[in-house]
Amino acid sequence: MTIKISAPGKLLLLGDHAVVYDYPCIVTAVDKRLYVEAEITDKKEDEIISPQVKESRFVLESIAHFKEKFKINKSVRITTKGDFSHSVGLGSSSAVTVATYKALNELFRTDLTNKQIFDLSYQVNLEVQGVGSGFDIAAATYGGTLYFLTGGKKIESLPTENLPLVVGYSGIKADTPFYVRKVAEAFRTKKDAMHRLFSQIATLVESAKKEISQKNYSKLGKLMTQNHRLLQELGVSTPKLDEMVDVTIKAGAYGAKLSGAGGGDCMIALVSPEKRKAVEQAIVNAGGEVIVVDNHAEGVRIETTDDQNEIFVVVDHDNNIINYNTRYECHHDKNLIHRATGVVLFNQKGEVLLQKRSRFKDKHPNLYTISASGHVGKGETALECAKRELFEEIGVRTELKFLKQFIAERSTETEMDFLYTGKYEGPFKINETEVEEVRFVPKNEIRNYLPKLAPLAVESFKRLNLI
Ligand code: MEV
């Protein structure tokens, strides 16, 4: 079984550097994601297929820690893919660590909570990188927009939405640990002055927290610009970043600042819709590159293993074939009626076999459904499909009886369903990619499952007079 997980990158909105010294920051997750695929292999060694050497170090450490913690001696293959360019400081190492932990957690069913995934990933990041407050790990884990205190002592989700940001890349890849150490050196010699500066930043962060929640962007922009001025004082900005910040404010942004460790990487500007174009142009004119990303993105998540390019049979209301379309197209267009089948198995006691759909399904993950179901493929009859699904999903071969054909119109798709019944006692061979579990349920108890039933189960059980 292959597990696919993704985790988002991040942008630090306010509180950069201060957050290393027990002051708060605000971070938002961005919709550029890092993907990790994981599977158990029979090889002697773990295998890491990663285009970035830097990332593979984080993967390697995560695997080692995980295996030690749970006393696992099986080998795994981890493959990583990134949505974002690695030169831009959007946080690929934190995303890859969190995604690897989540993937191993799903693969070995170790029931780690998000808080545990955060703690374990933070530990790995500290070991590999030596420094860091962990805000990037929190963004990768929880997603959204977070008020964060060093090491995750406080992680609060802010009630907001995609903030109207323009992101500019300076073209210079910055070395985060270098700048964090540079600030640490200054901290050793000028502790009081540094604390004063960090307190000023923290005050801005507290105000920003309020303004973000109230969507008061003109005030929020001003706070960001003030934060940038303090980062200049700290000595982490560069002439290029300063110029990009200044030209975006001149072009009408509410405010702007560098984002992250400084020394290059990115800056962000908060804009109204009317000024967005002008601000983007100003960044380009100053020699920067506009990075198009949305923020307030979802945290680490399971990605479906269902092939979105699988070909389905599309029919008219009389079941005449009119086209062949992909799974994705059929699931996003109610006009594409596509053939599907369902099987309901009964045992000798007359109990019904319920299937719990796997957590990896693109539609209705973790809901209960009929014994087996699936989509008719090109060149396949409905009966062939029903038999194939029954065997692929739960390892059953048995006689099937045709019961009903019906059109099921749902919120985003329309199916032409062919329903079959059969008799079977067991045993079952569960395909974990498709199915969590199966169980026989007495007919009069089916009703209790109603809130947890997938649409096809509701439609089928109604036709069988079971609900
Ligand atoms: C780096 O992206 C942000 C810093 O605040 C370091 C950290 O919080 O880990 C400079």
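In this predicted model, Phe 118 and Phe 148 are both buried.

**Exercise 1.** Classify the arrangement of the rings of Phe 118 and Phe 148, and state which parts of the chain the pair ties together.

*Solution.* A pair of aromatic rings is described by the distance of the centres and the angle of the planes. Phe 118 belongs to helix H3 (residues 114-129) and Phe 148 to strand S5 (residues 145-149), so the pair ties together parts 30 residues apart in sequence.

**Exercise 2.** Determine how the rings of Phe 187 and Phe 198 are arranged, and whether each residue is buried or exposed.

*Solution.* For Phe 187 and Phe 198, the centre-to-centre distance is 6.3 Å and the angle between the planes is 25 degrees. Planes under 30 degrees apart count as stacked, so this pair is stacked. Phe 187 lies in helix H5 (residues 176-189) and Phe 198 in helix H6 (residues 191-213), 11 residues apart. Buried means under 20% relative accessible area; Phe 187, at 13%, is therefore buried, and Phe 198, at 0%, is buried. Ring pairs also link Phe 187 and Phe 198 with Tyr 21 and Tyr 23 into a cluster.

**Exercise 3.** Identify the ring over which the charged end of Lys 209 sits.

*Solution.* The ring is that of Tyr 147, with the charged end of Lys 209 at 4.1 Å from its centre.

Conventions. Residues numbered from 1 in each chain as written. Predicted model: local features only at pLDDT ≥ 70, side-chain atom pairs only at ≥ 80, totals over all residues. Heavy atoms only, no water. Phe/Tyr/Trp six-rings, centres within 6.5 Å; stacked < 30°, edge-to-face > 60°. Helix = DSSP H or I, 4+ residues; strand = E, 2+ residues; numbered from the N terminus. Buried < 20%, exposed > 50% of the residue type's maximum accessible area, 1.4 Å probe, protein only. Lys NZ or Arg CZ within 6 Å of the ring centre and 35° of its normal.
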